[in-house]
Amino acid sequence: MKEIHIVVKNTKTIADYNDTKRYMYQKSQEFYEAHKKACVGWNEGSISKVWIDDQKNLCIEYESGNWWHYSEQGEWWQ
């Protein structure tokens, strides 16, 4: 299985870094599964990279190179 590149920024402690990384991993898996399930033919591949944008939305890039923003509620847009 390919390792996911999770970009964690602006944490003050190691514990905060670890908690943030764990949260980002968990949410990215949830959002990926929901997004993939909502599509008739998923052609984007697996998760490649995860980060949080300036507006605090989780962003997920897939093996295809395409990426989406995801709100806390799991809504997505490009």
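**Figure 1. N57 in the loop between β2 and β3.** N57 sits in the loop that joins β2 to β3. Helices (H or I, at least four residues) and strands (E, at least two) are DSSP runs, numbered from the N terminus. The model is predicted: local features need pLDDT of at least 70, side-chain atom pairs count only at pLDDT 80 or more, and totals for chains, interfaces and linings use all residues. Residues are numbered from 1 along each chain as its sequence is written, and side-chain values use heavy atoms, with hydrogens and water left out. N57 has 15% relative accessibility and counts as buried (under 20% relative accessible area; exposed is over 50%, partly exposed in between; 1.4 Å probe, protein chains only). Leaving aside residues up to four places away in sequence, N57 touches W51, I52, H69, Y70, S71 and W77. Contact here means heavy atoms within 4.5 Å.

**Figure 2. S71 in the loop between β4 and β5.** S71 lies between β4 (67–70) and β5 (76–77). S71 is buried, at a relative accessible area of 8%. Its contacts are F31, N57 and W77, again not counting residues up to four places away in sequence.

Figure 3. Five strands make an open sheet, ordered β1-β2-β3-β4-β5, with mixed pairing. β1 (5–6) and β5 are the edge strands, each pairing on one side only. Two strands pair if DSSP finds at least two bridges between them. Strands of a sheet pair through backbone hydrogen bonds, either parallel or antiparallel.

Figure 4. Four of the five residues of β3 (residues 58–62) are buried, so the strand is largely enclosed by the rest of the structure. β3 pairs with β2 (residues 47–52) in the antiparallel sense over five bridges. I52 stands opposite L58 of β3. The β2 and β3 hairpin has five residues between its strands, and K56 in the turn has a positive phi of about 75°. β3 also pairs with β4, antiparallel, over four bridges. Here C59 faces H69 of β4, and I60 has W68 as its bridge partner. Four residues separate the strands of the β3 and β4 hairpin, where G65 takes a positive phi near 95°.

**Figure 5. The largest nonpolar core.** This core has 14 residues; I47, V50, I60 and Y62 touch the most other members. α1, β2, β3 and β4 each give two or more residues to this core. A nonpolar core is a set of buried Ala, Val, Leu, Ile, Met, Phe, Trp, Tyr and Cys residues joined through side-chain atoms within 4.5 Å. V50 touches I4, H5, I6, V7, M24, S28, L58 and C59, not counting residues up to four places away in sequence.

**Figure 6. The largest pocket.** The space in the largest pocket is about 260 Å³. α1 (14–38) and β2 are the elements that give two or more residues to its lining. The lining consists of V7, V8, K9, N10, T20, M24, W51, I52, D53, D54 and K56. Of these, five are nonpolar, two polar and four charged. On a 1 Å grid over the protein atoms alone, a pocket is an open set of points where a 1.4 Å probe fits, with protein on both sides within 12 Å along at least five of seven lines; lining residues have an atom within 4 Å of a point.

Note on methods: Grid points are joined across faces, edges and corners, and a volume is the space filled by probe spheres set on the points. Ala, Val, Leu, Ile, Met, Phe, Trp, Tyr, Cys and Pro count as nonpolar, Asp, Glu, Lys and Arg as charged, and the others, Gly among them, as polar.
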